[in-house]
Amino acid sequence: MTNETLIPMIGVVTDIRRDTPDVKTFRVEAPEGGKVFEHIPGQCAMLSIPGAGEGMFSITSSPTQKNYMEFSIKKCGCLTSWLHQMEVGQQIGIRGPYGNGFPVDTDFAGKDLLFIAGGIGLAPLHSVINYCRDNRDRYGKIDIVYGSRSMDDLVDYQEILDEWCKEDGINVYLTIDREQEGWDGHVGFVPNYVKELGFDVNKTAVICGPPIMIKFTLAGLVELGFEKSNVYTTMELRMKCGVGKCGRCNIGDKYVCKDGPVFRCDQLAEMPDEY
Amino acid sequence: MTYYKLPVSSLSALFDRVAEKQTLYIPTDKDGHAVFAPYESGMQLTKKLNTDRSAKDFFFPQTENLYDIKMKGKQLTVEDTREECEDFTVFGVKGCDARSFAILDKVFLSDPVDTYYKNRREHGTVVSLACNRPEETCFCRAFGIDAGDPEGDATAWRIGDEMIFAARTEKGEAFLSSVKDLLTETDGAMVESLKKAVAYIMDQLPLGNISFEGMKQTDLMTHFKNEKWAGLSESCLGCGTCTFVCPTCQCYDIREFDTGKGVKKFRCWDSCMYSDFTLMAHGNSRNSQLERFRQRFMHKLVYFPNNNGGEFGCVGCGRCLAKCPIQTNIVKVEKALEVRSDD
């Protein structure tokens, strides 16, 4: 019997970090150590727990991380609640990688990059941001705009402060939705903050966050003069198979699991508004 | 093509012979419905034109176990519980259903290959049966299917008191050679006259000469934004009957069943007509029945052709016309959407 893409491999959770009140980051390795499989930034994997279900999650770690994969997961349903109560040493089902990933070696090469994330939307961008940091000479300036509901909801806050903010050639702009004690940074929604900051329109932009944030941010970038063909986003819809056959994650004739999850905004403009 | 004949009175002998070596399925009557059933000696072919359900179950069953997964403490074990499928033969598949396998192949045999499907496909022999008298709901001709000359590994034609057989593939040759001593070689003259007679009947039928090509006169977004979707979908109950009887609907769910000793991960048919099909923690990408209804027909009439060299995801079997409780169907939808030259 040949190998079947629907049957998971086994991964072991070797580290768990609490990022925010409802987001944890899980490190996953193969039982014999090392990565379960290789991936490119922006690709996803199906994680499963018998009895709790199976779901698609973006791989948060960069492929330059040679020993493990990480997943930042927000607790919001049955499977994610189960994942959140796991302890180190727990084995999980894992299959993938799925999707096209970001064009890090082609369209992004040599470009100034502008990453814009909202809430847990940083998770898919975390992989590509760290990939670009680890291959610094292949990319121009990097700007990162990241916002969340509150200071406590900023995913990877410590890594952002300790590493991203301290690196030459990287500018990080953080914002939270409402005033909060202990926060002296920017307050306001991401789409407005991006417009206030007013970036050079020749940058290649990458947006990820809640659908409503993506829509307003894209509109803001277009207003600033960005070409849609220079703006990327990554989508997530309900998935079961991950290989374009179960029929539920399509937007028009494109399957998010296979043709996406990364789309250019000029491609999205030609697709039905069903996401 | 070499033709062989057999008196209809000897058909049971042929079935008995085939069923000695492998499971043979034939369309027969059960509780007033025409169904494919495992052949038992003496079982008679249905006189109905086609089975209530399509023949897709043979290769894409309504439910099937994918694997077993067990958790003990923090340890997981995954077990591939499949066994190599045994050879089987399906007799009496009509032209529409025979074509549906080619459409399902495009989904399940494209990269990455679905090995569950492929395994059954490799072990199954399809012996199609020409239609003698297509009915009012038939429109297979719109998709280039000849009801009088159906595809398959081998084809059978019933003409008067005789069955004529011909092989189309190696598997079909093997089927015929396993029963060769019952057959007598003949020419194709009777088959040609049957094909002409069936074509004549199709010409008289209300949907016998419809075309779906008008769908291709405009693009995806124009169809998607068509205002007629609201009226077309208004009375849809979202029952999903159309998807379950459809030979080309292939959307599936992967679910699990806890046996108490472990979890069985299984695949089952699903329907894009159901509200939880696309439901996620953050919301639903197709919230209204209009969106779900539009998805099903856009998939068959626009998305599938776009991704498969213009081939529609429909074979004109007419089951959705016969079974929809509110009498809507793909022909009505196509007629509403198509761009006519006089538009």
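How many residues does helix H5 of chain A have, and how far does H5(A) reach from its first C-alpha to its last? In this predicted model, local features need pLDDT of at least 70 and side-chain atom pairs count only at pLDDT 80 or more, while totals for chains, interfaces and linings use all residues. Residues are numbered from 1 along each chain as its sequence is written, and chains are lettered from A in the order in which they are written.

Helix H5(A) runs over residues 211-224, so 14 residues, and spans 20 Å, close to the 20 Å expected (1.5 Å times one less than the number of residues). Helices here are DSSP runs of H or I with at least four residues, and strands are E runs of at least two, numbered from the N terminus. Among the buried residues of H5(A) are Met213(A), Phe216(A) and Leu221(A); buried means that 20 or more other C-beta atoms, placed from the backbone, lie within 10 Å of the residue's own. The buried residues of the helix pack against strands E7, E11 and E12 and helices H4 and H6 of chain A. Just past the helix, Gly225(A) takes a positive phi of about 115°.

Now for the bigger picture. Between the chains, 33 residues of chain A are in contact with 41 residues of chain B, contact being C-beta atoms, placed from the backbone, within 7 Å. Chain B itself is divided into domain 1 (3-55 + 82-204) and domain 2 (213-337), with bounds from an automatic or database domain assignment. Their centres, taken over C-alpha atoms, sit 27 Å apart, and 20 residues of domain 1 are in contact with 17 of domain 2.

Terms used: Contact = placed C-beta atoms within 7 Å. Buried ≥ 20, exposed ≤ 12 C-beta atoms within 10 Å, placed from the backbone.
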